[in-house]
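Take a look at the view below, then read on.

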Amino acid sequence: MGKDWSWWLNRWIAASLIDEAAAAKIRAYEEGHAPPAGLRWPVISALSLGGLMLAAGVLLLVAARWEDLSPAARLSVVLSMVAAFHVAGALVTSRFEALAVTLHTVGTAALGAGIFLAAQIFNLEEHWPGGFMLWAAGAWVAWWLRRDWPQAALAAVLTPIWLGGEWAVAAEKGQMNPRVLPAGLLLLALAYLTAVVGERRGAVRWSLVWIGGLAILPCALSTAVSGTMPYPTPAGRAAEAAGWLAAVVVPSAAAYLL
């Protein structure tokens, strides 16, 4: 029934189509199976934009004072920035779940900033894919704990960035085929685009569909225009074969799991 089922029920009672006992059973059933009230689009827009503005504001505030802070103070700010959002999200979970999802998402986004800022503080060896690996691991852990679709979306984006970064770094050294990376991303975009299968739906799968839909065109264009290295190194040939294998196996595994 629609939202006006109670009006129809009273009408049927007045017309002697059902008795009070049947009406009581119908009321109990409808009240017990009522779907949860969803958020209206202004609330969703406010939470989304608010989360983006909150994350940007914190990062701008830290960046403005960054040069004036000591290394110890910088590390404290980075750790506090990540922890504060997750703690705030945990505190409001029972009161406003949507706000909790937003705060936890901002916390995971701040984790990436914290990783790269910590690397800058201690002048760690420059290997940028490692930072994305840690960021993706944090997103996977957050999704495992929370099961929120934004965490899954972050993990689904950060993991290919990490793998693609590792390949890009290796390809520069071995003069390998630049078409491997966009081809693998194209296959992964196709796997994401077909995440909604039959009755298997949900926010996580729809977020993957959106990611795949946005990524498939640039990945296809990159694959089409990418050239090849005429003279790869001997070590590069073996690594290139492994890269092609990963470019096929990883999207196929994702498609199988979905």
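A crossing is called left-handed if the near helix is turned anticlockwise from the far one by less than a right angle. With that in hand, helix 4 passes helix 5 in a left-handed crossing. Do keep in mind that this is a predicted model.

**Helix 4 with helix 5**

- Helix 4 covers residues 71–91 and helix 5 covers residues 97–121; their axes lie 7 Å apart, at a packing angle of about 165 degrees.
- Since angles over 145 degrees count as roughly antiparallel, helix 4 is therefore roughly antiparallel to helix 5.
- On the helix 4 side, the contact includes Pro-71, Arg-74, Leu-75, Val-78, Met-81 and Phe-85.
- On the helix 5 side, the contributors include Ala-100, Leu-103, His-104, Val-106, Leu-111 and Ile-121.
- The residues of this contact between helix 4 and helix 5 divide into 16 nonpolar, six polar and one charged.

**Helix 8 with helix 9**

- Helix 8 (residues 180–193) packs with helix 9 (residues 203–225) at about 150 degrees, and their axes are 7 Å apart.
- That angle makes helix 8 roughly antiparallel to helix 9.
- Helix 8 passes helix 9 in a left-handed crossing.
- From helix 8, the residues that meet helix 9 include Pro-182, Leu-185, Leu-186, Ala-189 and Tyr-192.
- Their partners in helix 9 include Leu-208, Val-209, Ile-211, Gly-212, Ile-216 and Cys-219.
- The residues in the contact of helix 8 with helix 9 divide into 15 nonpolar, four polar and no charged.

How values were computed: Residues are numbered from 1 along each chain as its sequence is written. This is a predicted model: local features need pLDDT of at least 70, side-chain atom pairs count only at pLDDT 80 or more; totals for chains, interfaces and linings use all residues. Side-chain values use heavy atoms; hydrogens and water are left out. Axes are lines fitted to C-alpha atoms, for helices over the stretch in contact, and angles run from 0 to 180 degrees between N-to-C directions. Helices (H or I, at least four residues) and strands (E, at least two) are DSSP runs, numbered from the N terminus. Angles under 35 degrees count as roughly parallel, over 145 as roughly antiparallel, 65 to 115 as roughly perpendicular and the rest as oblique. Contact means heavy atoms within 4.5 Å. Ala, Val, Leu, Ile, Met, Phe, Trp, Tyr, Cys and Pro count as nonpolar, Asp, Glu, Lys and Arg as charged, and the others, Gly among them, as polar.
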